[in-house]
Amino acid sequence: MDRLDASHALPASLQTPSYTPADHGTGIFHLGLGAFHRAHQAVYTDTALATSGGDWRIVGASLRSAAPVEELAPQDGLYTLIERGSDGTRARVIGSISTALSGATQGAEILAALVDPATRIVSLTVTEKGYGIDRATGGANPADPTVAADLLTPEHPRGVLGFLVRALAVRRAAGAPPFTVLCCDNLPDNGAMLRAGVVDFATRLDPELATWIAQTVAFPGTMVDRITPARTEQTLADAASLIGLTDLAAIETEPFTQWVIEDHFPTGRPAWETAGAIFVEDVAPYEAMKLRMLNGAHSMLAYTGYLSGHRYVRDTMTDPAMRRLIKRHLLAAAATLAPLPGIDFTAYAEALCHRFANPAIAHETYQIAMDGTQKLPQRILHPAMDAAAAGQSLRPFAFATAGWMRYCVGQLDNGQAYALRDPREQEIARALDGRTDASGIVAALGGLPGLWPDGLQTLPGWSDMVTEILSDMMTHGVTQTLQAEATSLAD
Ligand code: CS2
């Protein structure tokens, strides 16, 4: 079977770009070419190109892994997006990505594209850990080896902050306008967070440049949402039978998609609203809703679900005990939110349950359980602080935290080991040092610097509650603890 590329005709039954991709110039540089970008921003841009035109195709780069480039570059950036819903599967070929570059071998090309005045937006999906920002201080993290290397040789950057700051420095020196920086990761206040990291990194090299960045570069905040599992052999096999060509860049996702963006683009933007993006003044309340409800419940069900033998999110929704605990978590998270005009949090929670239960999406709990130290603060721990301040029960948040601590032990109830996959996993292993007693584990993980919001661990009842739940998980097993917890909930 031939490989998909621009020279092949595609079946008429398929939704394909209704514009001629090669007729459109590039305007966006995207860092992080993984499945999520291909299921989200690239799709909105594909629709915007079809409906409103413009030179907004995407030059993308993958800084860590060469795989996205090997998948996309030989296909002229084309790939199949498979949407799987309970009512069937739809496929569409996306044409918005023009070029895919690899950070490992094409640093000079990446820099050249970032500096090119045609690049008016730099968007990012590099995961929570990919920024090299110290979340406790808000500045660049000099203990991150990539950040340290980029501070030493800023003219040959390798990491996110290094590339952004070098490109902005060169543009400034050339008298060219800066680009707009659009962070699309699941981080609270993501625009402001990235702005603080970039400005701090620049301050360490050139304070005048830092002032210029702070005064002239826009960092609009965004809330991004689309459940996108890691793709499998089945994804590729389905793409091949749908398009009649081999497509190594195909991905699968759910039908639902949402993008809420602060409308601050001094250098222009695609007409993403034609694809359903919502432009608002302040994205923070939408972001809090999504991070605390969707992602918070996801983390809770990922740890406890994985440990109780549920491979996929959809399996946790068919387990009555887990379903009750997921609903409890969603409602507890909703209760920490300020009202959002036009949004009914109960209806949002119901819609999330429906999405989690999607039988056609195989989203692994193990995938979501990754990188807990990067996710817990915004998803579970800060919401717990707000719940305490409002006099609400801490129990759902303590339960999720105990689930994460149990997961950090690295062994199933039957003793089988698994890899934690967290950037702080060595630190976690050192802190735990083989401990299996709940109070020892709570104390050891409670000592991880920068993780816990000030005051959480001394909240009345918090540590005792986490210890009690964890102790049940260690002694009676996770499945039994889940069942007992669900049974204890009043109807
Ligand atoms: C998930 C998210 O892996 C995870 O941590 O919670 O990737 C989630 O699927 C997306 O944010 C949905 O928009």
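**Reading a ligand site and a helix pair**

Me: Where do I start with the ligand, and which polar side-chain atom lies 2.6 Å from an oxygen atom of it?

Reply: That one belongs to Lys 290; a polar contact here is a pair of N or O atoms within 3.5 Å, and within protein one must be able to donate a hydrogen and the other to accept it, with residues adjacent in sequence counting only if both atoms are side-chain atoms. Asn 186 has a side-chain N or O atom 2.9 Å from a ligand oxygen, and for His 298 the distance is 2.8 Å. Taken alone the ligand exposes 340 Å², and the protein buries 89% of that (Shrake-Rupley areas, 1.4 Å probe). Bear in mind that this is a predicted model, where local features need pLDDT of at least 70, side-chain atom pairs need 80 or more, and totals for chains, interfaces and linings use all residues. Residues are numbered from 1 along each chain as its sequence is written, and side-chain values use heavy atoms, leaving out hydrogens and water.

Me: Which elements give two or more residues to the shell around the ligand?

Reply: Helix H10 (284-307) and helix H15 (372-389) do, and H10 gives the largest share, 3 residues. Helices are DSSP runs of H or I with at least four residues, numbered from the N terminus. The residues around the ligand include Asp 225, Arg 226, His 363 and Arg 379, each with a heavy atom within 4 Å. By class, the shell has 2 nonpolar, 4 polar and 5 charged residues.

Me: At what angle do H6 and H8 pack?

Reply: Helix H6 (residues 160-173) and helix H8 (residues 207-216) pack at about 90°, with axes 11 Å apart. That makes H6 roughly perpendicular to H8 (65 to 115 degrees). Val 165, Leu 168, Ala 169 and Arg 172 of H6 meet Glu 208, Leu 209, Trp 212 and Ile 213 of H8, where contact means heavy atoms within 4.5 Å.

Me: What does Thr 467 touch?

Reply: Leaving out residues up to four places away in sequence, Thr 467 touches Ala 438, Ser 439 and Val 442. Thr 467 sits in helix H19 (residues 462-476), and a polar atom of its side chain lies 2.6 Å from the backbone oxygen of Ser 463.

Methods: Axes fitted to C-alpha atoms, helices over the stretch in contact; angles between N-to-C directions. Parallel < 35°, antiparallel > 145°, perpendicular 65-115°, else oblique. Nonpolar A, V, L, I, M, F, W, Y, C, P; charged D, E, K, R; others polar.
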